[in-house]
Amino acid sequence: MKIFTATQIREADAYTIQHEPISSLQLMERAATACAQWLFRHFDARKPFYIFCGMGNNGGDGLAITRLLLNNGYKATACIVHHSNKASADHTANRQLLEQQYPQSIYDVAAVADLPTLPPKSIIIDAIFGTGLRSAIEGWMAGLIHQLNDLQTRHTLVAIDLPSGMLADASSAHMPVVHASITLSFEVYKLAFLLPENAARTGQVHILPIGLHPDYLTQTPTRFHVTDAHMMRTIYQPRQPFAHKGTYGHALLVAGSYGKMGAAVLSAKACLHAGVGLLTCHVPQCGYQIIQISAPSAMCVTDIQETYSSHFHESAPQTRGLQQYKTIGIGPGLGTATGTAKALEQLLEQYRQPMVLDADALNIISEYPFLLPRIPHGSLLTPHPKEFERIFGSSDNDFARLELLSRQAVSLQLYILLKGRFTAMACPDGAVYFNSTGNPGMATGGSGDVLTGILTSLLAQGYAPKAAILLGTYLHGLAGDIAAARMSQEAMTAESIIDCLGPAFLQL
Ligand SMILES: NC(=O)C1=CN([C@@H]2O[C@H](COP(=O)(O)OP(=O)(O)OC[C@H]3O[C@@H](n4cnc5c(N)ncnc54)[C@H](OP(=O)(O)O)[C@@H]3O)[C@@H](O)[C@H]2O)[C@@H](O)CC1
Ligand SMILES: Nc1ncnc2c1ncn2[C@@H]1O[C@H](COP(=O)(O)OP(=O)(O)O)[C@@H](O)[C@H]1O
Ligand SMILES: [K+]
């Protein structure tokens with residue numbers, strides 16, 4: 001699914017009005033109907049609704065929603081928030097329609113003191129500002145937003161299109177923004193919903209289709225995307241009937257050190273369960289039995305060191321050296337010993353295919369930044385936010401960090417995955433994809449090691465790096481979702497994600 005900017009959404013609106021054709025008031029009615037139908041499905045008519053309407057088209061939606069609620073036997077009051085003397089044409093038209101049918105339903109708010117006292121368990125609808133907000137809300141309106149946020153603790157607050165005060169395409173981290181329990185947004189995700197700085201403000205997001213013109217949606221190029229099941233079906237390659245294990249590649253996994261062999265086991269198992277043809281693990285000597293017993297399908301070579309690895313660049317049971325491997329996954333539980341760093345430097349000299357670098361491989365690179373430009377083009381880096389900051393530095397807000405992420409992916413010609421609720425995958429061509437699967441049950445040690453195993457596996461099987469990141473992160477999150485449904489977010493572990501990779505593949 002594409003992510004459009006506020007400007008593109010306005011263009012989509014205008015294109016739909018011109019080409020469907022449909023009047024802008026009818027399009028607003030469609031948007032309001034989509035919201036009202038959602039509200040009818042989720043709230044019964046006993047609860048009173050208070051709809052806070054701004055002077056623009058977001059407010060117009062709110063006025064139309066009020067009318068539709070009243071038409072269906074709900075108790076609803078439109079509180080018109082006079083932040084401006086100018087009302088949009090469709091706001092005015094909807095106010096007139098409401099006044100004609102329900103003259104008692106309108107209440108004007110021109111100061112914080114005008115806020116009505118709400119009966120217990122009211123439903124507050126926030127239709128003050130949507131995609132038309134240009135900058136931070138100031139003055140008495142900022143006070144009103146704070147007041148609504150106080151009420152939010154006792155009532156349910158549903159935002160229409162965007163929580164008021166939130167900018168769709170820029171940071172509003174330090175601005176007054178409504179804290180919604182639910183956001184009903186139109187047609188497409190807004191970039192702001194996908195960044196952690198807004199996590200406490202959107203609540204659950206539901207995207208409601210309102211029939212914007214499909215030609216505009218398909219033909220307009222966008223830089224940001226959200227992955228979905230349909231996209232995965234175009235990427236996934238079923239196994240060939242005459243395949244043999246050589247068809248699906250031989251991967252080398254360099255992982256583990258004393259006390260952190262679990263990371264190597266998790267990565268190895270995930271790599272095997274994601275379909276690799278052959279897997280060799282390079283581990284320190286203390287890890288030999290651990291790998292052989294817990295992942296018998298994998299081969300194992302040991303380093304000359306007992307507790308950490310320092311010679312993995314020579315990890316080649318036969319004479320062809322590292323080139324025999326289709327790809328290499330390196331980092332989980334590896335440690336950052338000087339000998340390990342030296343070996344990584346040599347590995348980057350000897351092996352020039354796209355590989356996966358995670359965890360301690362990234363921590364080593366943050367200590368030896370001259371290694372960064374030596375990573376083979378097309379490789380996949382999978383930092384969590386702290387690892388990302390260690391390598392690339394800190395940012396003022398999540399939008400600035402997203403730009404930094406994308407800039408680095410372009411200049412280094414790497415795929416950089418910034419992990420989180422919606423893992424952001426920055427590509428060398430400037431595009432950024434957000435993964436849509438996964439849940440907080442995955443916020444547990446080892447989940448990232450599992451992802452490294454899956455990505456290494458897909459690269460080894462011949463998926464192009466971009467296909468591997470999109471499919472790999474999707475499968476990882478989907479397996480996590482299946483695990484959470486089976487045993488709860490609390491009880492699941494990184495191993496549960498591996499156990500559910502099979503059902504995740506079957507759902508593709
Ligand atoms: N295609 C779709 O998705 C469809 C979208 N639709 C809906 O339209 C919404 C967009 O409507 P919109 O363009 O009228 O903007 P909106 O959010 O109401 O804000 C404008 C108001 O805000 C004010 N204002 C601005 N900045 C401000 C500031 N810093 N501080 C204070 N005030 C500020 C500005 O004031 P002015 O500058 O005019 O004085 C004006 O009054 C969209 O979110 C969706 O709900 C549907 O109806 C149909 C299909
Ligand atoms: N709240 C969440 N929602 C979705 N995915 C999550 C969430 N928390 C963590 N994850 C996923 O779990 C993984 C955690 O990786 P990481 O922090 O590297 O863990 P570890 O270092 O313990 O292996 C990432 O892929 C991340 O996207
Ligand atoms: K709103």
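Two residues count as in contact here if their C-beta atoms, placed from the backbone, lie within 7 Å. Keep that in mind for the views below, which all come from a predicted model.

**View 1. Ser 164 and its contacts.** Start with Ser 164, which sits in the loop between strand E6 (156-160) and strand E7 (182-186). Leaving out neighbours within four places in sequence, Ser 164 is in contact with Asp 126, Ile 128, Phe 129, Ile 145, Ala 159 and Val 178. Ser 164 counts as buried because 27 other C-beta atoms lie within 10 Å.

**View 2. Asn 58 in helix H3.** Now over to Asn 58, part of helix H3 (residues 57-71). Skip residues up to four places away in sequence, and Asn 58 touches Ala 127, Ile 128, Phe 129, Gly 130, Gly 132, Ile 160 and Asp 161. With 27 C-beta neighbours inside 10 Å, Asn 58 is buried too.

**View 3. The annotated "binding site" residues.** An unreviewed UniProt entry puts the annotation "binding site" on Asn 58, Asp 126 and Ser 164. These residues are spread over 107 residues of sequence, yet they cluster in space, with a largest C-alpha distance of 9.4 Å.

**View 4. The shell around ligand 2.** Here are the 19 residues around ligand 2, with Gly 438, Met 442, Ala 443, Ser 447 and Gly 448 coming nearest. Sorted by class, the shell has 11 polar, 5 nonpolar and 3 charged residues.

**View 5. Helices at ligand 2.** Helix H15 (447-460) and helix H16 (465-487) each bring at least two residues to the shell around ligand 2. H15 gives the most, with 4 residues.

Notes. Residues numbered from 1 in each chain as written. Chains lettered and ligands numbered in written order. Predicted model: local features only at pLDDT ≥ 70, side-chain atom pairs only at ≥ 80, totals over all residues. Near = placed C-beta within 6 Å. Nonpolar A, V, L, I, M, F, W, Y, C, P; charged D, E, K, R; others polar. UniProt positions renumbered as here; feature names shortened; annotations may be inferred. Buried ≥ 20, exposed ≤ 12 C-beta atoms within 10 Å, placed from the backbone.
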